[in-house]
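Trainee: I would like to learn how to read cavities, pockets and salt bridges in a model. Could we go through one together?
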Amino acid sequence: MAEKKTLPSFSKSLFSGFIYDDQIFPFPCQKPDENENLEMILDTLNKFMDRYVDSSQFDRDERMPGDVINGWKELGFFGLVIPEKYGGYGLSNTSYVRILEEVGAVDGSTALLLGAHQSIGLKGLLMFGTEEQKQKYLPRLATGELIAAYCLTEPGAGSDAGGIKTRAIWDEKKKVYILNGSKMWITNGGLADFFTVFAREEIKMENGRTEDKITAFLVTRDMGVKSGNEEKKLGIRSSSTTALFFENVEVPFENVLGERGKGFKIAMEILNSGRVGLAGGCVGGSKRALRQILAFVKEREQFGKPLNNFELIKEKLAQIAMNIFVAESMIYLTTGMIDQGDVDFSLESAMCKVKATDNLWDDVNECLQMAGGIGFSQEYPYEQNLRDARINIIFEGTNEILRIFVALAGMQERGEYLKKMGKALKDPIKGFGLITDYAMHYMKDRLTTDRLPDVDSELVGSKYEFERWAKNLHITAERVLIKYGKQIIDKEIIQKRLADAVIDLFGMISCISRVDTNIKKFGHSECRHEILMCKTFCELAWRRIRRNILMIDKNEDEAILAIADYIISEEKYNYHSVLR
Ligand SMILES: Cc1cc2nc3c(=O)[nH]c(=O)nc-3n(C[C@H](O)[C@H](O)[C@H](O)COP(=O)(O)OP(=O)(O)OC[C@H]3O[C@@H](n4cnc5c(N)ncnc54)[C@H](O)[C@@H]3O)c2cc1C
């Protein structure tokens, strides 16, 4: 696989003390013809959904009607991201995510059907496939004749996906790979005929040694893939989730995807690119929840007034709106980066996923609370919203694992630099250039701040707080790296705090860029509500960042871990009774 030259990641650079604002300003927008095309697609989409997509009925039936799936196929919605020359719409990432958002605003399971097919199921083929492989499969994937699934998770390998055991052995006589093993929790598992499968094989390396490596394969059902029963799930009940079984499945050599032995990297790159689509679907879910609850709190009266008169209700409504605004800003800033091309967006897409999925969960939870008793009833949408939202925090990388990823990947470059610095200090003559470079950077850190370009006067305070806390993040990350060295890998609570700080920073800058760009387009009075939103979010965010950063040094972590160790060793809640 040829290494692509990519622009530095905006958020990774923050950890190293740089602000690459050219990726951020102005906030990306689509070309007018692309927007026109998108509007037309959205119009068709909404008409179709109004008529045929009944989320609560699908949920009760625990299946999606075949004719609705066929309807999606006829409309071409399985080919949104597939280039036109293979029969798809060839949409930009931005348009694609906008569509998933709209679908997510009507039915989570449907967003998952289309998203698992395009964001992850066939994404590997698009990103790493040969021209021959693309010509062979993409046209049938675009029409939905083939539905795609992404097959990584196994019974023994979930978050630790590198531990997969499915095996591919090359059969020299038959000239095929023989695949054996099983996969778990595969979205579209019962519907799909095209699978991106990750399996281990022994590969002879250049040095003559044999290594056990992961390779990606394009597998079709007719090669012998068997599905298990549909899982009975908490939510997204009408989406198909099954185990898959590979028993002597024969896969021709030409179906190896990308380079042999690079399957893990391929698996991660697919997820990096797919996560932002999932985030878009979640924003759609939050918008729907807000719409529903606004209608409810206007009608429902208690203490002689509609609920929407009470401060504690208003606080929840404002928080949901702010959650949506921030996640939306982060997502479409990221899709803009992806559309621009050759940018490392792995951290940004992970942050969008964490933010949008955590937000959706909080939002549907608060909506259920505002609905009171009826929130708990199956006759109303609130409980299904809650059930459907829960999975998003778990799949495509759990939010714990993604926070760890954000912190460690963010610090990696700085860590390597500091390691080199450590070596240079041991041999100062050889490492002189590096030491002076470090000394300059160190001085610069303390004397100046990497600055953002000028923004509208309304946003100067928010910009200042962003710069201040970006600098703080960098200094803190460096201090943490020097203090813990390699041990930082085990310091997950610190990683979580750093991740939350950088997620808030990315949220701040996304809002600042969006609102600044909009003020330039529409003027202050048109944007007064957005200005209020941006300023309020930035105020709340920098206080959270400050708290997270302060707690890296002053915390109760040791005590908390000791409490956990005690109950783990006791295997139960074992404290003296309060009654004795
Ligand atoms: C409905 C559904 C659809 C899915 N669709 C697909 C699909 O299409 N394709 C596919 O390949 N997979 C799919 N998955 C699998 C999904 O990606 C995994 O469930 C997920 O990655 C978590 O793996 P796990 O379930 O084995 O949990 P585990 O990895 O066992 O994790 C359990 C808990 O421990 C935490 N944890 C694990 N390691 C650490 C650590 N180092 N530090 C702190 N906490 C940790 C996790 O965050 C989690 O909370 C799907 C799952 C579901 C439920």
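Trainee: Which element gives the largest share of the lining of the largest cavity?

Mentor: A word on the model first: it is predicted, so local features need pLDDT of at least 70, side-chain atom pairs count only at pLDDT 80 or more, and totals for chains, interfaces and linings use all residues. Residues are numbered from 1 along each chain as its sequence is written, and side-chain values use heavy atoms, with hydrogens and water left out. Now the general idea: rolling a probe the size of a water molecule over the atoms shows where empty space is left. On a 1 Å grid over the protein atoms alone, a cavity is a set of points where a 1.4 Å probe fits but cannot get out, while a pocket is an open set with protein on both sides within 12 Å along at least five of seven lines; lining residues have an atom within 4 Å of a point. Here α9 gives the largest share of the lining of the largest cavity, seven residues. Helices (H or I, at least four residues) and strands (E, at least two) are DSSP runs, numbered from the N terminus.

Trainee: What volume does the largest cavity have, and which residues lie nearest its centre?

Mentor: Its volume is about 300 Å³, a volume being the space filled by probe spheres set on grid points that are joined across faces, edges and corners. The lining counts 25 residues, with Gly108, Ala111, Leu278, Gly281 and Asn392 nearest the centre. Two or more lining residues come from each of α5 (93-104), α6 (108-121), α9 (263-299), α11 (346-371) and α12 (382-390).

Trainee: How does that lining divide by class?

Mentor: It has 12 nonpolar, 10 polar and three charged residues. Ala, Val, Leu, Ile, Met, Phe, Trp, Tyr, Cys and Pro count as nonpolar, Asp, Glu, Lys and Arg as charged, and the others, Gly among them, as polar.

Trainee: And the second largest pocket: which residues are closest to its centre?

Mentor: That pocket has a volume of about 1000 Å³. Of its 36 lining residues, Thr153, Ile394, Phe395, Glu396 and Gly397 are the closest to the centre. Once again α9 supplies the largest share, here five residues. By class, the pocket lining has 19 nonpolar, 10 polar and seven charged residues.

Trainee: How many salt bridges does the structure hold?

Mentor: Side chains of opposite charge can pair when their charged atoms come close. With a salt bridge taken as a side-chain nitrogen of Lys or Arg within 4 Å of a carboxyl oxygen of Asp or Glu, the structure holds 34. One of them joins lysine 12 and aspartate 344, at 2.7 Å from N to O. Lysine 12 is in helix α1 (residues 10-15) and aspartate 344 in the loop between α10 (311-340) and α11, so the pair ties together parts 332 residues apart in sequence.

Trainee: Is aspartate 344 buried or exposed?

Mentor: Aspartate 344 counts as buried because its relative accessibility is 18%; buried means under 20% relative accessible area, exposed over 50%, and partly exposed in between (1.4 Å probe, protein chains only). Another salt bridge links arginine 414 and glutamate 478 (2.8 Å, N to O), and both of these residues are buried.

Trainee: Which residues form a network of salt bridges?

Mentor: Look for Arg98, Glu101, Glu102, Lys287, Glu328 and Arg514, which are linked in such a network.
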